Amino acid sequence: MRLLLFFTVFCFMGCYQVERNCKAFRTGHFYSEVVIDGSIYRSEFKRLDDLQIETYNNRIDSSRLRWINDCEVVFKTINPKNMAERKDIHLKILATTDTSYTFEYAYVGETKKQKGIAFTMD
């Protein structure tokens, strides 16, 4: 009986697949929310295929984009103002809906990742 229950649960879990239509979020106008230490950080950005312009706390940053595949991209700040901004950021889209995507990101080479969600504004 336990074997049958395990097999049934395993089959349903094996069939579930997270939707990832990453190409739909390669360009556009978005805002994102990230929770860090209980605080919500929100930014707005416009993304072209190889450029992202982001506004956070009335400060504008621009980054060059290098797409690894449809769901992963590396950001390189165009005019870094400090050492932290010189580090590239790797972002991976984990799941998508019609109007949003869930992502994780980290500095390239670092293992600590943060998660967030981005919503379309168009």
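Eight aromatic pairs are counted in this predicted model. A pair of aromatic rings is described by the distance of the centres and the angle of the planes. For F30 and Y101, the ring centres lie 6.0 Å apart and the planes meet at 80°, so the arrangement is edge-to-face. Because F30 belongs to strand β1 (residues 28–36) and Y101 to strand β7 (residues 100–107), this pair ties together parts of the chain that are 71 residues apart in sequence. Both partners, F30 and Y101, are buried. Y101 also pairs with F103, this time in a tilted geometry, with 5.8 Å from centre to centre and 55° between the planes; F103, like Y101, is buried. Taken together, ring pairs link F25, F30, F45, Y101, F103 and Y105 into a cluster.

Aromatic rings also take part in arrangements with charged side chains. The charged end of R42 is placed over the ring of Y31, at 3.8 Å from the ring centre, and the charged end of K87 is placed over the ring of Y107, at 5.2 Å from the centre of that ring.

The secondary structure of the protein consists of two helices and eight strands, which follow one another along the sequence in the pattern α-β-β-β-β-β-α-β-β-β. The eight strands close into a barrel in the order β1-β2-β3-β4-β5-β6-β7-β8, with antiparallel pairing. From one strand to the next, the twist averages 35°. In a regular strand the side chains alternate between the two faces of the sheet.

Strand β7, which carries Y101 of the aromatic pair described above, is joined to strands on both sides of the barrel order. Towards strand β6 (residues 89–96), β7 is connected by seven bridges, and the two strands run antiparallel. Within this pairing, A95 stands opposite T102 in β7, while L91 has Y105 in β7 as its bridge partner. The chain passes from β6 to β7 through a hairpin of three residues. Towards β8, six bridges are found, again between strands that run antiparallel, and here the bridge partner of Y105 is Q114 in β8. The hairpin formed by β7 and β8 has six residues between the strands, and in its turn G109 adopts a positive phi of about 90°.

I117 is located in strand β8 (residues 114–120) and, with a relative accessible area of 26%, is partly exposed, because the partly exposed class covers values between the 20% limit for buried residues and the 50% limit for exposed ones. When neighbours within four places in sequence are left aside, I117 is in contact with Y31, S32, E33, S100, Y101, T102 and F103. I117 and A95 are 22 residues apart along the chain, and their C-alpha atoms are separated by 9.5 Å.

N57 has a positive phi of about 55° although it is not a glycine, and its place is in the loop between β3 (51–56) and β4 (59–69). With a relative accessibility of 62%, N57 counts as exposed. N58, located in the loop between β3 and β4, has a phi near 60°, which is likewise positive in a residue other than glycine. The relative accessibility of N58 is 81%, and this residue also counts as exposed.

For the protein as a whole, buried residues make up 27% of the 122 residues. The accessible surface comes to about 8900 Å², and carbon and sulfur atoms account for 55% of that area. Among contacts between residues at least 6 apart in sequence, 28% join residues that are at least 24 apart; the pairing of F30 in β1 with Y101 in β7 links parts of the chain at a separation of 71 residues.

How values were computed. Residues are numbered from 1 along each chain as its sequence is written. This is a predicted model: local features need pLDDT of at least 70, side-chain atom pairs count only at pLDDT 80 or more; totals for chains, interfaces and linings use all residues. Side-chain values use heavy atoms; hydrogens and water are left out. Rings of Phe, Tyr and Trp (its six-membered ring) pair if their centres lie within 6.5 Å; planes under 30 degrees apart count as stacked, over 60 as edge-to-face and the rest as tilted. Helices (H or I, at least four residues) and strands (E, at least two) are DSSP runs, numbered from the N terminus. Buried means under 20% relative accessible area, exposed over 50%, partly exposed in between (1.4 Å probe, protein chains only). A charge sits over a ring if NZ of Lys or CZ of Arg is within 6 Å of the ring centre and within 35 degrees of the ring normal. Two strands pair if DSSP finds at least two bridges between them. Axes are lines fitted to C-alpha atoms, for helices over the stretch in contact, and angles run from 0 to 180 degrees between N-to-C directions. Contact means heavy atoms within 4.5 Å. Accessible areas come from the Shrake-Rupley method with a 1.4 Å probe; for residues, only the protein chains shown count as cover.
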